[in-house]
Amino acid sequence: MSARHRIAVGISGASGAAVGLRVVELLASVDCELHLVVSKAARRTIAYEAGPNALDHAIDLVHRHHEIDDVGACIASGSFRTSGMIVAPCSIRTLSAIAHGDLDNLLVRAADVQLKERRRLVLMLRETPLHLGHIRSMAQATEIGAIVAPLSPAFYQRPRSISEMVDHMALRAIGLLGLHDLELAAPEWSDDTPPTCPKN
């Protein structure tokens with residue numbers, strides 16, 4: 001791999017598309033080899049929430065953009081080595097499919113590959129309220145090795161804008177991959193002075 005890390009990013013159809021798009025931007029800024037897969041529902045959500053050109057911008061930043069139905073893509077194979085995968089946002093449908101091995105598209109197949117190869121898989125769930133079936137799927141996903149990290153803003157950061165909240169959630173997801181050499185991290189909590197969000 002020419003880049004420092006090869007990372008898969010999935011964007012599913014739940015609300016919160018800005019977080020997935022920001023994950024792509026941040027990882028691209030540190031020379032990662034990015035492989036992006038976007039569900040059909042996510043295309044509609046991205047256009048509605050982030051604008052008609054937002055997906056094209058993300059595609060321009062990645063090494064490869066894979067079609068959701070391309071189950072023969074490189075990220076569908078365990079022999080294609082990656083440093084992990086982030087699904088942001090992760091719909092409850094996608095989480096449930098991953099948890100129960102319903103591998104009917106490339107996003108869930110790529111996620112399943114991370115699990116079977118014992119690599120980090122971060123699922124940024126976006127759903128509320130939750131019924132018992134959702135909670136059981138979250139438990140199942142955790143039991144088979146995924147990290148379920150709901151989209152949850154850190155108000156102790158005293159964010160001054162939605163973009164600061166998005167930045168923090170994206171950085172937290174990246175941090176959960178455990179790739180400390182990336183130099184991308186959410187501000188750590190200090191017991192004396194609450195940290196502030198990073199400023200551009």
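Why is H4 largely enclosed by the rest of the structure? Six of the eight residues of helix H4 are buried, so the rest of the structure largely encloses this helix. Buried here means under 20% relative accessible area, exposed means over 50%, and partly exposed is in between, using a 1.4 Å probe and protein chains only.

Before going on, a word on the model: it is predicted, so local features need pLDDT of at least 70 and side-chain atom pairs count only at pLDDT 80 or more, while totals for chains, interfaces and linings use all residues. Residues are numbered from 1 along each chain as its sequence is written, and side-chain values use heavy atoms, with hydrogens and water left out.

The buried residues of H4 are Ile92, Thr94, Leu95, Ala97, Ile98 and Ala99. Helices (H or I, at least four residues) and strands (E, at least two) are DSSP runs, numbered from the N terminus. The cover over those buried residues includes strand E4 (85–90), helix H5 (106–116), E5, H6 and strand E6 (147–148). After H4 comes glycine 101, with a positive phi near 70°.

Threonine 94 sits in H4, which spans residues 92–99. Setting aside residues up to four places away in sequence, threonine 94 touches Ser12, Val87, Leu107 and Val108. Contact means heavy atoms within 4.5 Å.

An unreviewed UniProt entry lists Gly13, Ala14, Ser15, Ser39, Ser91, Ile92, Arg93, Thr94 and Arg126 under "binding site". UniProt positions follow the numbering used here, feature names are shortened, and annotations may be inferred rather than shown by experiment. One of the listed residues, arginine 126, is found in the loop between strand E5 (121–125) and helix H6 (132–143). Leaving out residues up to four places away in sequence, arginine 126 touches Ala14, Ser15, Pro89, Cys90 and Leu151.

The unreviewed entry also gives residues 6–168 as "domain: Flavoprotein". Over that stretch the chain is 42% helix and 17% strand, and its end C-alpha atoms are 22 Å apart.

**Where H1 meets H7**

Helix H1 (residues 17–28) and helix H7 (residues 162–175) have axes that come within 9 Å and cross at roughly 65°. The contact uses Ala18, Val19, Arg22, Val23, Leu26 and Leu27 of H1, and Val166, Asp167, Met169, Ala170, Leu171 and Ile174 of H7. Sorted by type, the residues of this contact come out as ten nonpolar, no polar and two charged. Axes are lines fitted to C-alpha atoms, for helices over the stretch in contact, with angles from 0 to 180 degrees between N-to-C directions. Ala, Val, Leu, Ile, Met, Phe, Trp, Tyr, Cys and Pro count as nonpolar, Asp, Glu, Lys and Arg as charged, and the others, Gly among them, as polar.

Valine 19 is in H1. Apart from neighbours within four places in sequence, valine 19 is in contact with Ala88, Met124, Leu151, Val166, Met169 and Ala170.

**Cysteines**

How many disulfides does a search of the whole structure find? The search finds zero, a disulfide being a pair of cysteine sulfur atoms within 2.5 Å. Cysteine 32 is in none, and the nearest cysteine sulfur, that of cysteine 74, is 15 Å away.

**Accessibility at a glance**

| Residue | Relative accessible area | Class |
|---|---|---|
| Valine 19 | 3% | buried |
| Cysteine 32 | 10% | buried |
| Cysteine 90 | 0% | buried |
| Threonine 94 | 7% | buried |
| Arginine 126 | 32% | partly exposed |
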